[in-house]
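Subject: Structure for your review

Hello,

The structure is placed below. My notes on it follow.

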Amino acid sequence: MVEPPPGHELPLRLFAAFRAAVDAVHADLAAAGHPDLRPMHGFIFQAIGTQGTTAVELGARLGVTKQAAGKTIAALEQQGYVERAPDPADARRKAVRLTAKGLDVLDRSARTFDRVRAAWAAQIGPERLDALEADLAALAPGEPFRLDAPGWFSGS
C-alpha cells in the first residue's frame with residue numbers, strides 16, 4: 001500500500017494551483033499594459049466592485065484598517081485604476097470607484113481565469129475538474145471568494 005503524502009502537502013498543492021492561476025492572470029495583465037498590479041489588487045478591485053464603495057467599507061471587506069485601505073486607494077488612484085468622488089448617497093463621504101482602466105482589469109482577469117479553467121479541463125478532463133470543484137466546495141463551503149484574504153495573510 002502506498003503511503004499517503006504528509007498532511008501539509010495538500011494545502012501547499014492547493015496554494016500552488018491558486019498561484020499558477022493568479023500568475024497566469026498577472027502575466028496577461030502585464031502584457032496588456034498593467035505590469036504594476038499585484039495579486040492583492042485583485043481582492044481590492046473585487047471589493048470595490050462595479051458599484052464602488054468607501055474607504056471604511058473597503059477596509060472592512062478586506063479585513064484591514066481604514067488607514068491601510070486609504071493608503072492602497074491613494075496608490076491605485078495615482079496609477080489611474082480608481083477615483084474618489086462625492087458619494088451620491090451621502091455628501092459627507094467619498095466614494096471609491098474603479099476607472100475605465102480598473103474595469104478593464106476586472107474584465108481581462110475574468111477572461112484569463114476562464115482560459116486557465118479551460119486549460120485545466122483540457123489537461124485533466126472536464127469531468128475531473130468539475131468533480132474537483134465540487135469536492136473543494138464540499139470541503140470549503142460558503143462563498144468561494146473571501147475578500148478578507150489580504151487581512152488574513154498580513155495578520156491585520
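Which residue's side chain meets that of Arg-117 in a salt bridge? The partner is Asp-130, at 2.8 Å from N to O. A salt bridge here is a side-chain nitrogen of Lys or Arg within 4 Å of a carboxyl oxygen of Asp or Glu.

Before the rest, two notes on the source. This is a predicted model, in which local features need pLDDT of at least 70 and side-chain atom pairs count only at pLDDT 80 or more, while totals for chains, interfaces and linings use all residues. Residues are numbered from 1 along each chain as its sequence is written, and side-chain values use heavy atoms, with hydrogens and water left out.

Helices and strands

Helices (H or I, at least four residues) and strands (E, at least two) are DSSP runs, numbered from the N terminus. (Buried means under 20% relative accessible area, exposed over 50%, and partly exposed in between, with a 1.4 Å probe and protein chains only.) Glu-133 joins Arg-117 and Asp-130 in a network of salt bridges.

Other salt bridges

In total, the structure holds 10 salt bridges. One of them links the side chains of Asp-23 and Arg-19, at 3.1 Å from N to O. These two are 4 residues apart in helix 1 (residues 9-31), which means that about one helical turn separates them. Asp-23 is partly exposed at 37% relative accessibility, and Arg-19 is partly exposed too, with a relative accessible area of 48%.

Another joins the side chains of Glu-77 and Arg-84, with an N to O distance of 3.1 Å. Glu-77 counts as partly exposed at 32% relative accessibility; Arg-84, with a relative accessible area of 35%, is also partly exposed.

The strand pair

Strand 1 (residues 82-87) runs antiparallel to strand 2 (residues 90-98), and the two pair over 6 bridges. Two strands count as paired if DSSP finds at least two bridges between them. The link from strand 1 to strand 2 is a hairpin of 2 residues. Within this pairing, Pro-86 has Lys-94 in strand 2 as its bridge partner.

Regards
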